[in-house]
Every structure is written in structure tokens, then in C-alpha cells.
Amino acid sequence: TVTAAENTGFCAIDKPKEDCGDSVEEKDTFSSPLSVRYLLYDVNPPEGFNLRRDVYMRLAIFMHRIKKKENWRLVLPPWSQLYHWQSSNVGEQIKLPWRMFFDVKSLQKFAPVIEMEEFLGKIPKHRPAIDEVYILQHYKDMWDEGKEWQDRWSIEACIESTPYSKSGKAFKGPFWTYKNLTAQKVECASFQGHATLLKGLLNQSKAKVVMIDHAEVALHDTYGDHVYWECRRSMRFAHHLVEIAKGFRKTHLDSSDDYDGINRPEDWLEEKEQTTRGGGPYLAVHLRRKDFLWGRAKQVPDLQFAAEQIEEKMKELQLRKIFIATDAPKAEFAELKTHLSKFKVLRFEPSPTLKFEIKDGGVAIVDQIICSHAKYFIGTHESTFSFRIQEEREIMGFQRNTTFNRLCGREEGFPCTQPTQWPIVY
Ligand code: GFB
């Protein structure tokens with residue numbers, strides 16, 4: 001039997017990587033110390049998938065900027081044990097390569113990135129994988145009154161305890177759950193500034209393999225300029241997930257790119273400014289629940305109030321179908337449906353086999369793809385999950401009033417302040 005994922009060219013963990021992404025490597029044998037250097041990174045453990053995507057962009061843009069002069073490879077940190085990935089029955093959600101979620105070839109057209117396994121395959125046996133780890137931390141005086149903002153970094157004592165500990169000559173650490181990985185040196189670096197400021201930190205070191213932990217401390221060089229958007233456009237989703245979303249749109253939402261007037265070239269480099277007036281004949285809502293119910297209590301509506309807002313928009317747009325992307329448990333979704341019984345309310349619910357293959361991350365991406373193709377989208381206040389959908393819609397050229405919308409909390413009332421618009425730049 002051919003599973004849905006095999007059918008769509010799914011790049012499983014055990015599939016040869018040549019089938020899934022090109023190597024950008026020339027032969028680097030590790031013999032000449034600085035010919036090629038490797039930058040590894042990790043992010044504050046509780047952060048979710050979509051904030052991590054943003055941190056990737058900060059580093060990829062940095063690599064893109066220096067790629068003509070310096071020979072770095074950015075090693076894509078495998079996805080391991082994300083806090084929000086809580087499904088049982090999907091197997092272990094650790095060490096998942098980027099090709100499960102993104103088109104790595106497409107990423108490589110913007111920045112010199114490689115998968116972790118490709119990097120690990122290069123390390124000679126006798127050698128610790130990582131030479132130096134720098135844990136970024138904020139300056140203690142960063143928030144002091146009257147302190148002027150100034151780009152700076154310095155190696156300093158660690159302010160908080162770290163998850164790295166010395167064992168013999170080497171340091172052990174979380175290292176994306178790879179038990180055998182070690183580092184030769186671990187230090188803290190107080191850091192205030194944009195990602196390109198990391199250049200100073202990397203170049204004071206002569207190490208071949210450097211890891212930056214808490215990379216989220218480094219800020220975007222420029223948020224929203226054309227380089228930001230090039231990087232963002234290079235983050236095409238993995239083909240098998242796009243195909244699964246296409247199938248769902250066609251079967252359940254009467255939606256296809258042709259009918260909906262959406263026209264995106266295969267290669268993001270060929271993408272030009274687009275205008276989409278259509279979109280699939282459905283309203284898409286990203287209804288963030290779980291930790292947002294207490295983290296953003298004022299701005300996240302209860303289900304009844306969410307349904308009232310959705311119903312009003314449905315009447316205005318004269319649509320029949322609603323697609324809900326949500327992290328809500330089944331019971332909450334069932335309750336929402338009872339409040340919207342006049343409409344067809346749908347959610348993407350993969351079969352157990354498919355879910356096992358694409359995992360929680362894949363389900364979330366399919367949700368995002370479906371939301372990004374709708375005639376009208378309403379997101380959740382300050383959710384990076386919603387932000388990424390808005391960006392996708394900007395790339396496709398939807399009218400901004402159909403994209404930058406969010407549900408209002410009961411306490412705020414309706415209407416409420418809507419999200420900032422971040423227009424695409426070419
Ligand atoms: O993606 P994310 O950073 O967005 O984290 P926020 C939320 C995670 O929850 C997603 C799941 O990556 C998914 O795993 N999730 C949320 C969903 N909404 C949906 C959905 O509609 N469909 C599916 N399938 N899954 C931030 C976190 O969350 O919120 C931070 O990154 C922190 O760590 C902060 O917790 C408060 O920006 O929404």
C-alpha cells in the first residue's frame with residue numbers, strides 16, 4: 001500500500017537526503033580548519049514553532065549577507081520536543097529534520113543551510129562535534145532607566161544557570177537530544193543588537209564549529225525590508241504538505257489555485273509582486289487556545305464570543321463554509337460548532353497513519369496553508385502562528401483588509417484594535 005505521504009513524495013526521516021534537498025557542500029573533510037565553518041544554533045526551549053521560524057530568518061539573513069566573503073554553513077537545528085507538540089500516537093517527535101516541513105532546496109537558494117545529519121556525517125570520529133558554544137544573554141543593565149540603546153556584546157559570566165555541564169574534558173548539553181554530542185568550550189555572551197553583530201563574536205573565535213544558544217536574543221537586522229521578504233519567500237513548505245492541503249481544499253472547500261485565482265511560480269526566485277482578488281470560497285479562522293487562554297486572557301475570546309464574530313463576518317461575506325485552524329481540544333471545537341450550526345464548520349483531521357507521518361508540525365503547517373488560501377482570514381492576537389499566515393497571504397497578494405484581522409476578546413469588545421499591517425516589499 002502507498003501511504004498518502006509516500007504518494008506526495010514525503011521526505012521521511014529515513015529517506016535518503018539526496019531525494020529531499022541538495023547538498024550545498026563542496027568536499028569539506030575538516031582537515032583545513034577554516035575552509036568551511038559551521039554555525040549551529042538553538043532557541044529558548046519553551047518557544048514554539050513559529051517563533052523559531054522567525055529566529056531562523058534572523059540567522060539566515062545574517063548568513064546571506066556574509067556569504068560572498070565568508071564560508072559559513074548554517075546548520076538547521078532539528079525539531080526536538082517542542083512544548084506544543086503534545087500528541088501521543090505519533091511516535092517520538094525528536095530530531096525531526098527541516099525537510100519534513102520545508103523545502104530545503106528552496107531555503108538553500110537564499111542562504112547556505114544544511115541539515116544537521118549532513119553536518120554530523122562530516123565530523124571525524126575522534127573530534128568533539130562542537131568547538132565552542134556561546135549562550136547569548138541580555139545585559140543586566142539593559143532595562144536601566146536612562147541607558148541608551150547601543151549595539152554591544154562581551155563574553156561575561158553566565159547570569160543564570162545553564163544546561164551545560166563538564167564531563168571529563170568535554171561539555172554535555174541538551175544538543176537537540178543527541179546524546180553523544182559534546183562541546184569543547186561553553187561560555188556566556190551578553191549581547192545587545194542585531195544578528196549581524198554576531199560577526200564580531202564569531203570572528204574573535206578561530207573555531208570551525210560554533211554554536212549560538214538562545215539565538216532569539218539576536219534581533220532582526222531589518223524587519224520587513226526586501227531581504228527579509230526574500231528570506232521569507234524562500235521558506236516554501238515541503239511539497240508533501242502542500243499537496244495534502246491542496247487535497248483538503250479541493251475535497252472539502254471547493255478551492256483550488258485555478259478557481260481561486262492564485263498564481264505562484266514553482267521557484268520563489270521567479271516570484272513577482274502579485275495581486276489576488278479571489279481566494280477560496282471560505283472564511284478561515286486561526287483560533288489559538290491552550291496557553292493563550294491565560295497568557296492573553298483579555299484578547300482571546302470565549303467560544304461563544306468568537307462564534308458571534310465569525311457569524312457576523314460570514315453574513316457579510318455571504319459564505320457557507322468556515323475552516324478553523326486551532327489547537328483547541330476536540331470538546332472545545334465541538335462546542336464552537338454548536339454556536340455556528342448554520343454553517344459548515346471544518347477542521348483538518350488527518351487519519352492516524354497520516355498524522356503519524358507528518359506529526360504535529362505537519363498538521364499545523366497544513367492548517368496554515370489552508371488558512372492562507374481563504375477568501376478572508378481572521379487570526380488570534382499576537383500569535384506568531386497567525387503572523388506566519390498573514391505573511392503567506394502577503395506573498396500571494398491578497399488585499400490587506402482580508403488578511404490583517406483578528407478576533408477580539410470579550411473584555412475588549414467588538415470591534416477592537418486590529419493587527420499591524422506588514423506589507424511585502426520586493
Ligand atoms: O507556533 P507558535 O510559536 O505560535 O506556537 P504562538 C504554538 C504551537 O501550538 C504551534 C500549536 O506551533 C502548534 O504546534 N498550534 C497553535 C496549532 N495553533 C494551532 C492551529 O491552529 N493548528 C495546529 N495544528 N496547531 C507562542 C509560543 O505561540 O505563544 C511561545 O511560540 C509562547 O512559546 C507564546 O508559548 C505565549 O505565537 O501562537
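In this predicted model, a polar side-chain atom of Arg-288 lies 2.6 Å from an oxygen atom of the ligand. I begin with this contact and then turn to two others made by side chains. Thr-384 has an N or O atom in its side chain 2.6 Å from an oxygen atom of the ligand.

How much of the ligand does the protein bury? Taken alone, the ligand exposes 710 Å², and the protein buries 88% of that area. The space that the ligand takes is the largest pocket.

Which elements give two or more residues to the shell around the ligand? They are helix H2 (49–66), strand S11 (321–326), helix H12 (352–372) and helix H13. The residues around the ligand number 21, and those that come nearest are Asn-50, Arg-288, Thr-326, Ser-383 and Thr-384. Sorted by class, the shell holds nine nonpolar, seven polar and five charged residues.

Let us look at one of these residues, Thr-326, which is found in strand S11. Is Thr-326 buried or exposed? Its relative accessibility is 12%, and buried means under 20%, so Thr-326 counts as buried. A polar atom of the Thr-326 side chain also lies 2.9 Å from the backbone nitrogen of Ala-328.

I now leave the ligand and turn to the backbone. As a general rule, most residues other than glycine have a negative phi, and most peptide bonds are trans.

Gln-81 lies in the loop between strand S2 (72–76) and helix H3 (104–108). With a relative accessibility of 58%, and exposed meaning over 50%, Gln-81 therefore counts as exposed.

Although Thr-177 is not a glycine, its phi is positive, at about 75 degrees. This residue, too, belongs to a loop, the one between strand S7 (170–172) and strand S8 (183–192).

Which residues does the cis peptide bond join? The bond joins Phe-414 and Pro-415, with omega at about 0 degrees. Pro-415 is found in the segment after helix H13 (384–396), and helix H13 is also among the elements that give two or more residues to the shell around the ligand.

Technical notes
Residues numbered from 1 in each chain as written. Predicted model: local features only at pLDDT ≥ 70, side-chain atom pairs only at ≥ 80, totals over all residues. Heavy atoms only, no water. Helix = DSSP H or I, 4+ residues; strand = E, 2+ residues; numbered from the N terminus. Buried < 20%, exposed > 50% of the residue type's maximum accessible area, 1.4 Å probe, protein only. Near = heavy atom within 4 Å. Polar contact = N/O pair within 3.5 Å; in protein donor to acceptor, adjacent residues only side chain to side chain. Areas by Shrake-Rupley, 256 points an atom, 1.4 Å probe, with all protein chains shown as cover. 1 Å grid on protein atoms, 1.4 Å probe; cavity = no way out; pocket = protein on both sides within 12 Å on 5 of 7 lines; lining within 4 Å. Sits in = over half its atoms within 2 Å of the grid points. Nonpolar A, V, L, I, M, F, W, Y, C, P; charged D, E, K, R; others polar.
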